[in-house]
Amino acid sequence: MDTVSLQTKVKSLRGTIEVPGDKSISHRAVMFGALAEGTTTISHFLPGEDCLSTISCFRQLGVPIERVGDSVKVTGRGFNGLSEPSELLDVGNSGTTIRLMLGILAGQPFHAVLAGDSSIAQRPMTRVVDPLRVMGAEIDGRKKGERTPLSIRGGSLSSINYEMPVASAQVKSAILLAGLQAEGVTTVKEASKTRDHTERMIARFGGEISVNGNEVSVRGKQRFTGTTIKVPGDISSAAFFMVAAAIIPESEVTLVNVGLNPTRTGILDVMLAMGADVTVVPDSSEENAEPAGTIIVRSSQLKGTEIGGGLIPRLIDELPVISLLAAHAEGTTVIKDAQELKVKETNRIDTVAGELSKLGADITPTDDGMIINGGSRLTGGSVSSHGDHRIGMMLAVAGLASAGEVTLENPEAIAVSYPQFFEHLSSLVQG
Ligand SMILES: O=C(O)C1=C[C@@H](OP(=O)(O)O)[C@@H](O)[C@H](O)C1
Ligand SMILES: C=C(OP(=O)(O)O)C(=O)O
């Protein structure tokens with residue numbers, strides 16, 4: 001495990017960045033490409049470790065996948081063309097890979113074993129295991145299937161009408177992927193709308209899907225046709241530069257080709273509510289698989305805000321860096337209804353509060369979020385990503401604005417979603 005000295009006391013950030021492809025869309029493009037008939041070509045695919053885990057799992061299921069940089073060609077096998085893997089499927093650090101794969105494997109007439117790293121081994125799987133068992137999949141694992149490693153034997157599935165107890169796009173997607181292989185119509189109802197990339201992907205591959213408010217239904221036994229997918233940049237990656245530009249004086253950063261799917265743009269709402277200087281210019285071209293555009297952020301005076309309710313799923317992965325933004329705002333920011341942060345790569349309530357406190361921020365963890373009293377300049381210190389990519393990138397941005405030296409332990413974790421992060425960050429630094 002490495003430790004690096006971060007760039008600190010930066011004067012300003014200026015320039016233009018195109019962030020890598022959206023992680024959620026990249027995973028799904030490979031998965032749907034594999035389940036479709038014919039070839040799927042994906043451009044601006046995210047070559048982060050999580051999405052590479054998805055590619056290697058599908059290769060083990062007999063799907064030919066060629067990758068050159070951020071271009072990927074998937075030779076689809078159709079829902080009936082996957083084969084039993086001879087080895088364990090390693091999902092690495094990726095919750096999206098394991099939960100969506102379980103939905104796919106639930107309908108496959110063979111046995112597979114899935115596991116990942118030590119962080120995946122702590123993450124709750126019951127949320128997908130329970131509904132998939134009701135549909136007919138046989139699943140077992142550590143703690144009776146609550147934790148990895150998990151083994152699954154899929155087969156004939158019946159449809160389900162499922163009201164989701166947690167706001168999770170991974171759970172919704174796993175059930176829809178199983179429902180696509182079941183007899184009859186499967187319906188998933190969510191209390192708060194989560195990211196809808198799976199729903200959009202079904203339509204893109206020529207499938208039928210009905211969306212009625214927060215209720216989504218699919219008919220089973222559909223067939224998909226290969227297509228081309230141009231993945232927009234990941235707003236969850238852009239978020240680090242958006243916050244950096246907002247908190248470092250005299251900055252102006254332009255982020256081109258960023259995904260602007262409304263189920264993902266909660267950070268824009270929060271930044272505007274905090275008084276940030278943000279301009280969004282949507283792209284008019286229909287080329288991308290999803291809406292995209294340019295985001296320009298300039299530094300400005302920020303004020304505290306309250307973040308909760310239906311906004312949480314629209315910015316769940318951005319909350320660590322939003323906490324840093326709040327630490328630079330005048331007044332208090334309250335984040336609530338964000339219990340889901342506790343079951344990500346780390347307990348992100350504890351890691352954010354713990355690491356930013358080491359740099360002098362005033363953050364109190366609560367049961368469902370954090371209370372942040374902003375306004376004081378961060379000092380120096382030694383911090384760690386705890387193996388969580390989003391914590392690592394948030395701390396690198398915190399370092400830029402800190403008054404003292406900052407060292408970051410385990411920066412390698414950042415490659416999970418953004419291998420070129422430090423290169424892109426350095427290109428913006430002025431003085
Ligand atoms: O469906 C997806 O691609 C994702 C859904 C979210 O997880 P949950 O569904 O667990 O909220 C998010 O945190 C994760 O980074 C990606
Ligand atoms: C939670 C995340 O991803 P996953 O659930 O796919 O591990 C994330 O990228 O912040």
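Modeller: Between the domains, 23 residues of domain 1 are in contact with 26 residues of domain 2, where contact means that the C-beta atoms of two residues, placed from the backbone, lie within 7 Å. Domain 1 comprises 3-21 + 232-430 and domain 2 comprises 23-230; these bounds come from an automatic or database domain assignment. The C-alpha centres of domain 1 and domain 2 lie 28 Å apart.

The model is predicted: local features need pLDDT of at least 70 and side-chain atom pairs count only at pLDDT 80 or more, whereas totals for chains, interfaces and linings use all residues. Residues are numbered from 1 along each chain as its sequence is written, while chains are lettered from A and ligands numbered from 1 in the order in which they are written.

The protein chain has 12 helices and 24 strands; helices (H or I, at least four residues) and strands (E, at least two) are DSSP runs, numbered from the N terminus. The radius of gyration of the chain is 21 Å, close to the 22 Å that the globule rule gives for 431 residues, so the chain is as compact as a globular protein of that length. This radius is taken over C-alpha atoms, and the globule rule is 2.2 Å times the number of residues to the power 0.38. Of the 431 residues, 54% count as buried; a residue is buried if 20 or more other C-beta atoms lie within 10 Å of its own, exposed if 12 or fewer, and partly exposed in between.

The largest nonpolar core has 75 residues, and Phe241, Met242, Val243, Ala244, Ala246, Leu325 and Val397 are those with the most contacts inside it. Helix α7 (residues 235-247) gives the most to this core, with 11 residues. Apart from this core lies another, of 63 residues, among them Ala29, Phe79, Leu105 and Leu180. Such a core is a set of buried Ala, Val, Leu, Ile, Met, Phe, Trp, Tyr and Cys residues joined through C-beta atoms within 7 Å. Not counting residues up to four places away in sequence, alanine 244 touches Leu13, Val397 and Leu400.

Turning to the strands, β3 (residues 37-43) and β5 run antiparallel and are joined by 6 bridges; two strands pair if DSSP finds at least two bridges between them. Threonine 75 in β5 is the bridge partner of threonine 39. Strand β4 (residues 65-68) also pairs with β5 in the antiparallel sense, over 4 bridges, and valine 68 stands opposite serine 71. Strand β5 (residues 71-77) has a covered face of Val72, Val74 and Gly76, and an uncovered one of Ser71, Lys73, Thr75 and Arg77.

Under "binding site", the unreviewed UniProt entry lists Lys23, Ser24, Arg28, Ser168, Gln170, Asp317 and Lys344; the positions are given in the numbering used here, feature names are shortened, and annotations may be inferred rather than shown by experiment. Arginine 28 lies in helix α1 (residues 23-35) and is buried, with 26 other C-beta atoms within 10 Å. Leaving aside neighbours within four places in sequence, arginine 28 is in contact with His197, Thr198 and Met201. Serine 168 is placed in the loop between β10 (161-163) and α5 (169-179) and counts as buried, with 23 C-beta neighbours inside 10 Å. With the sequence neighbours within four places again left aside, serine 168 is in contact with Arg127 and Thr194.
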